[in-house]
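Student: Please show me the model, and then let us work through it by question and answer.

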Amino acid sequence: MSLALGHPVIAIPGPSPTPDRVLRAAHRASPDIYGEELPKLNQHVMDQLKRLAGTKANLAPYIGNGHTGWEAAAANMFAPGERALLLVSGHFGASWAAQISEMGVAVEIMDFDNAPADPERLAARLAEDRDGLIRAVMVCQTDTASSAAADIPAIRAAMQDHPALLVVDAIASLGCSPMHMDDWGVDVLISASQKGLMCQPGTAFLWFSDRAAARGRTPLTTPVWDWHLRAGAEAPWRFWNGTPPVPQLFALEEALCMLLDEEGLETVWARHAALAETVWAAVEAWGAGNPGIRLTVADPAGRAHSVTALSLPRADALRDWVTTRTGVTLGVGLGAKDPDNALRIAHMGYCNAAMVMAALGAMEAGMTALSIPHGPGALEAAAKVIAARA
Ligand SMILES: *Cc1c(COP(=O)(O)O)cnc(C)c1O
């Protein structure tokens, strides 16, 4: 029998749940794109996005997804054959490296095997680069597959006075975990609308420092990718290289108001931290009764606050059970060594304690139904974290 009818709980790490009021904000016909309303709206959304990233630097928006952001950033930073050092902590870092290699960037991978990047290894590698051939150090703040979280200030510190740009993919972390782009010395920040920003997929953003802009155009900088044309523009069509994604602008306006003006960023970050700890407490309690159940990232300081990856025997069967029987959808074990026995629980964006307890409660029921051995007390452990932090 299925008990799934009711409000679905989608705990996949993107697209994340979209608030009804954000959907409603998007649900209107476009005003005249040459009128006065749209440039004002566009400017306000851009100002809010800069607040979100903690920067006064430049911002170029693109119609597209996170992969679009990757390609746009690379097209502005590199000429073919120039070097990038990519710190890989999971599937997303590896895919990023593969995509920009295809563009002709000479990517060197430093692999941390699903664990967060080690700043000391980075420092040692950069010390060998006496001629400064490495033009950029690139890292995912959260690798959404492994749920490893990079310590961005520590990475910046490890770069010392090496001239490389620091490029951060914050697609799964912006609006979930702290980001202080200017204070932390990040040169290029990449994000997209459908994860911590609580909107539907469709827009990507590049924030870039004056130091990054000083490079000027390269042979890869075609008009669609050129961030100078967009960041310096006033007319919305210039900003977006054509018709703006009008429904997304209305949606972003609403979602950014919720994050920045209503809840407040500090609270947003604290909520994500508390929900992450709630999930870790449950997984650790299950794991106490089954060594096969364990968090992918051992060190709590290296774990993302927006998504949790874990190994769990028969995870695929469990995912199927919780979806069909309880209405909870969990993330696949993307990039795991043994994907059939791994899954991910998202606690990203528009997500509260009740939604996390729903996901954990459904998993507990599923493990019981499928006779997957697990330690007792996981839901009590999770509830205790919520009681202490709420
Ligand atoms: C989701 C994600 C991407 C890819 O974004 P798409 O919108 O699927 O292209 C890239 N990097 C990270 C860290 C992500 O979480």
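Tutor: Helices (H or I, at least four residues) and strands (E, at least two) are DSSP runs, numbered from the N terminus. This is a predicted model, in which local features need pLDDT of at least 70 and side-chain atom pairs count only at pLDDT 80 or more, while totals for chains, interfaces and linings use all residues. Residues are numbered from 1 along each chain as its sequence is written.

Student: In which element is the place of Arg 344?

Tutor: UniProt, in an unreviewed entry, lists Arg 344 as "binding site"; its positions are given in the numbering used here, feature names are shortened, and annotations may be inferred rather than shown by experiment. The place of Arg 344 is in strand E14.

Student: Is Arg 344 buried or exposed?

Tutor: A residue is buried if 20 or more other C-beta atoms lie within 10 Å of its own, exposed if 12 or fewer, and partly exposed in between, with C-beta atoms placed from the backbone. Arg 344 has 26 other C-beta atoms within 10 Å, so Arg 344 is buried.

Student: Which residues does Lys 195 touch, not counting residues up to four places away in sequence?

Tutor: The unreviewed UniProt entry lists Lys 195 as "modified residue: N6-(pyridoxal phosphate)lysine". Lys 195 is found in the loop between strand E9 (188–192) and strand E10 (203–208), and because Lys 195 has 28 C-beta neighbours inside 10 Å, it counts as buried. Two residues are in contact if their C-beta atoms, placed from the backbone, lie within 7 Å. By that rule Lys 195 touches Gly 14, Ser 16, Ile 171, Ala 172, Met 348 and Gly 349.

Student: Of the residues around the ligand, which come nearest?

Tutor: A residue is near a molecule or strand if its C-beta atom, placed from the backbone, lies within 6 Å of it. Of the 14 residues around the ligand, those that come nearest are Asn 65, Gly 66, His 67, Thr 144 and Ala 172.

Student: Which elements give two or more residues to that shell around the ligand?

Tutor: The shell residues divide into six nonpolar, six polar and two charged; Ala, Val, Leu, Ile, Met, Phe, Trp, Tyr, Cys and Pro count as nonpolar, Asp, Glu, Lys and Arg as charged, and the others, Gly among them, as polar. The elements that give two or more residues are helix H3 (66–77) and strand E6 (142–143).

Student: What is the distance between the end C-alpha atoms of helix H14?

Tutor: The expected span of a helix is 1.5 Å times one less than its number of residues. Helix H14 (residues 353–369) has 17 residues and should therefore span 24 Å, which agrees with the distance between its end C-alpha atoms, 24 Å.

Student: What covers the buried residues of H14?

Tutor: The buried residues of H14 are Val 356, Ala 358, Ala 359, Leu 360, Ala 362, Met 363, Gly 366 and Met 367. What covers them includes strand E1 (9–11), helix H12 (265–287), helix H13 (315–326), strand E13 (328–332), strand E14 (342–346) and helix H15 (378–389).

Student: Which element gives the largest share of the side of domain 1 that touches domain 2?

Tutor: The domain assignment, whose bounds come from an automatic or database source, gives domain 1 (9–16 + 264–389) and domain 2 (31–262). In this pair, 24 residues of domain 1 are in contact with 26 residues of domain 2. The elements that give two or more residues to the domain 1 side are H12 and strand E12 (307–311). The largest share, four residues, comes from H12.
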